[in-house]
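Reader: I am new to this structure and would like to know what stands behind the words used for it. Please set each word against its definition.

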Amino acid sequence: MTSLGQNLKINGDRLWDSLMEMAEIGPGVAGGNNRQTLTDADGEGRALFQKWCEDAGCTMGLDQMGNMFARREGTDPEALPVYVGSHLDTQPTGGKYDGVLGVLAGLELIRSLNDMNIKTKHPIVATNFTNEEGTRFAPAMLSSGVFAGIHTQDWAYDREDAEGKKFGDELKRIGWRGEEETGARKMHAFFELHIEQGPILEAEGKDIGVVTHGQGLSWTQVTVTGKDAHTGSTPMPMRRNAGLAMARILETVDEIAWGHAPHAVGAAGHIDVYPNSRNVIPGKVVFTVDFRSPELEVIADMENQLHEKATQIAEAMEVEIEFEKVGGFDPVAFDAGCVTAVRDAAERLGYSHQDLISGAGHDACWINRVAPTAMVMCPCVDGLSHNEAEEISKEWAEAGANVLFHAVVETAEIVE
């Protein structure tokens, strides 16, 4: 295998310009993005990505979950491709880089290979996975999960958003349902570049995170049902306040997570209150508890404690409670060979780096089930993500993309 010289790098200006142009699609209200999955804005972003890929000489594949695969041919028609990518969909108040950096860095490394007239034995495929965020249609990483055989496609198609619209129907509506069987593709390896979404790299002054593991995740949707009643005329002893029950359960969630410090975390990010009126005591609340840990047994213990303690709270307050597991995955150990390729690339290029455990879920966590996989991370300002104020520097983006470039191209094997 021929190694790349340290002077071979991607075009950082072009990568940054692509990020800024994509950010013009589905703008948020505070400088970020609202390009939720299977919306018209998502369709527009996909079309731009396809145009750029075709302009770079790639052929675009599209599977039945809407996953996009832009292929740059290799010299060996029998060699399995090296895949690289992430996702273009965003949170409702998302930033310009979460997911998007990984997709457009995949495109940029293909553009850079074209500029340098470098050929690889293995094809390289820049990938956009559908609905990584899981905000509009739970769970997160839905389409990569179908690709890896975690979920069935029929089940995924039946996922509904808050308005009752189904994933499968919306995928057809925006025109991005392909004919290719989901998961039929075989991969030589998969690499994903992502912003850290945490504060460690910036705090430690490191350019690159070499991701060795991914935290496990558990999403439990909790429904508490009490009784709607007037806030002014209902005596305190006669109230069945679902909102108050939720508050006490969320305090318990925090205590459970602290009980497994320092690596476990827990909170509720998605909360719906009904009828959500100023002068009506909430009769129903629906919220999702998010527990994470790099240890499977810790996740199981936190789930068990939630069920036991929340049930006790509900019984004491005379409200009904239901639990539904709506998402989750086991902790992930990434492929040693791919991780080494990332680490060696960072060292060769002279970037400071450290090993990381990813606290967030990523498409790579599912793809790791079916192909050798690794992740590269770059810092983000104050560790802020899933927020329109999410920010990275051009230099961080370029460093991450350069490490990705070297790891991917070496894995794909340069042809002299």
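Author: What follows takes helix pairs, domains and a few backbone details in turn.

Author: This is a predicted model, in which local features need pLDDT of at least 70 and side-chain atom pairs count only at pLDDT 80 or more, while totals for chains, interfaces and linings use all residues. Residues are numbered from 1 along each chain as its sequence is written, and side-chain values use heavy atoms, with hydrogens and water left out.

Reader: Why are α2 and α3 called roughly parallel to each other?

Author: The axes of helix α2 (residues 40-55) and helix α3 (residues 100-116) cross at roughly 15° and come within 10 Å. Axes are lines fitted to C-alpha atoms, for helices over the stretch in contact, and angles run from 0 to 180 degrees between N-to-C directions. Angles under 35 degrees count as roughly parallel, over 145 as roughly antiparallel, 65 to 115 as roughly perpendicular and the rest as oblique. α2 and α3 are therefore roughly parallel. Helices here are DSSP runs (H or I, at least four residues), as are strands (E, at least two), numbered from the N terminus.

Reader: Which residues of α2 and α3 meet?

Author: From α2 come F49, W52 and C53, and from α3 come V103, L104, L107 and R111. Contact means heavy atoms within 4.5 Å. By class there are 6 nonpolar, no polar and 1 charged residues. Ala, Val, Leu, Ile, Met, Phe, Trp, Tyr, Cys and Pro count as nonpolar, Asp, Glu, Lys and Arg as charged, and the others, Gly among them, as polar.

Reader: What makes α8 roughly antiparallel to α9?

Author: Helix α8 (residues 242-258) and helix α9 (residues 296-317) have axes that cross at roughly 150°. That value makes α8 roughly antiparallel to α9. Their contact divides into 11 nonpolar, 2 polar and 2 charged residues.

Reader: Is the crossing of α3 and α12 left-handed or right-handed?

Author: The crossing of α3 and α12 is right-handed. A crossing is left-handed if the near helix is turned anticlockwise from the far one by less than a right angle, and right-handed if clockwise. The axes of α3 and helix α12 (residues 394-412) come within 9 Å and cross at roughly 65°. Among the residues in contact are G106 and S112 of α3 and F405 of α12. The contact has 11 nonpolar, 2 polar and no charged residues. By contrast, α2 and α3 make a left-handed crossing.

Reader: How is the chain divided into domains, and what area do domain 1 and domain 2 bury between them?

Author: Domain 1 covers 12-214 + 331-415 and domain 2 covers 216-329; such bounds come from an automatic or database domain assignment. Their centres, taken over C-alpha atoms, are 33 Å apart. The contact takes 13 residues from domain 1 and 11 residues from domain 2. About 840 Å² is buried between the domains, 74% of it on carbon and sulfur atoms. Buried area is the accessible area (1.4 Å probe) that two parts lose on being put together, summed over both. P139, P331 and W366 supply 45% of the area that domain 1 buries against domain 2.

Reader: Where is P139 found?

Author: P139 is in the loop between β5 (124-128) and α4 (142-147). The peptide bond from A138 to P139 is cis, with omega near 5°. Another cis peptide bond joins Y274 and P275, with omega about 0°.
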